[in-house]
Amino acid sequence: MRNVALLLLLCLLASCSLNNPEPNPDVLNETLHTIFNRKSVRQYTEKPVEKEKIEILLKAGMAAPSSMDNRPWVFVVVTDRAMLNTMAEGLPYAKMLKETKQAIVVCGDTTLSPRNWFIDCSAVTQNILLAAESMELGADGARCCMNSHISE
């Protein structure tokens, strides 16, 4: 049964992408516009993100759904330059931490959700990234770095 559901989902996704490669501008609302325009930004200005905006990003993350409403996430906002550099050196996909002033680290508590913490934390991260896009902040998902981005 699970394989059939997965196959149906894949067929649906394939047909959606084949039949309509570009979103119809007539049906785009502000939310869909943000989703379709989200991008990974890896060049930042020197200007740090204001505390109020960081709080909004964290609230957006906390608004994510979680399995059985366990909310197995913990956030760490890192602003210390030495810590950002140490993380950039030690994490293979976090090199951009050397370029940013701040980062939000989303941690999963496996005692609250041993099986689904990574799914819940992924939803949190996606919410943060979409909120950053809607606020015109530069962000990158693998690192969740944030700063005002350099406009092209």
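Entry 1
I took exposed to mean over 50% relative accessible area, buried under 20%, and partly exposed in between. The model I examined is a predicted one. I looked up Glu-136 and found 64% relative accessibility, so Glu-136 counts as exposed. I located Glu-136 in the loop between α5 and β3, the latter being residues 138-140. I then read its backbone: phi of Glu-136 is near 60°, a positive value in a residue other than glycine.

Entry 2. Arg-71.
I noted a positive phi at Arg-71 as well, of about 50°, although Arg-71 is not a glycine. I placed Arg-71 in the loop between α3 and β1, where β1 covers residues 73-78. Is Arg-71 buried, partly exposed or exposed? Its relative accessibility is 46%, and Arg-71 therefore counts as partly exposed, since that class lies between 20% and 50%.

Entry 3. Ser-113.
The relative accessible area of Ser-113 is 3%. Ser-113 is buried because that value falls under 20%. Which backbone atom does the side chain of Ser-113 reach? I found the backbone nitrogen of Asn-116, at 3.4 Å. I then set aside the neighbours of Ser-113 within four places in sequence, and the contacts that remained were Asn-70, Pro-72 and Asp-120.

Entry 4. α3 against α5.
I recorded two quantities for this pair, as two packed helices are described by the angle between their axes and the distance between the axes. For α3 (residues 51-62) and α5 the angle is about 140°, and the axes are 7 Å apart. That angle makes α3 oblique to α5, because roughly antiparallel would require an angle over 145 degrees. I also noted the handedness: α3 passes α5 in a right-handed crossing. Which residues meet in this packing? From α3 I listed Leu-57, Ala-60 and Gly-61, and from α5 Val-124, Asn-127, Ile-128, Ala-131 and Ala-132.

Entry 5. The chain as a whole.
I counted five helices and four strands in the chain. Read from the N terminus, the elements run α-α-α-β-α-β-α-β-β. The chain has 152 residues, of which 30% are buried. Lastly I considered contacts between residues at least 6 apart in sequence, and 66% of these join residues at least 24 apart.

How values were computed: Residues numbered from 1 in each chain as written. Predicted model: local features only at pLDDT ≥ 70, side-chain atom pairs only at ≥ 80, totals over all residues. Heavy atoms only, no water. Buried < 20%, exposed > 50% of the residue type's maximum accessible area, 1.4 Å probe, protein only. Polar contact = N/O pair within 3.5 Å; in protein donor to acceptor, adjacent residues only side chain to side chain. Contact = heavy atoms within 4.5 Å. Axes fitted to C-alpha atoms, helices over the stretch in contact; angles between N-to-C directions. Helix = DSSP H or I, 4+ residues; strand = E, 2+ residues; numbered from the N terminus. Parallel < 35°, antiparallel > 145°, perpendicular 65-115°, else oblique. Left-handed = near helix turned anticlockwise from the far one by under 90°.
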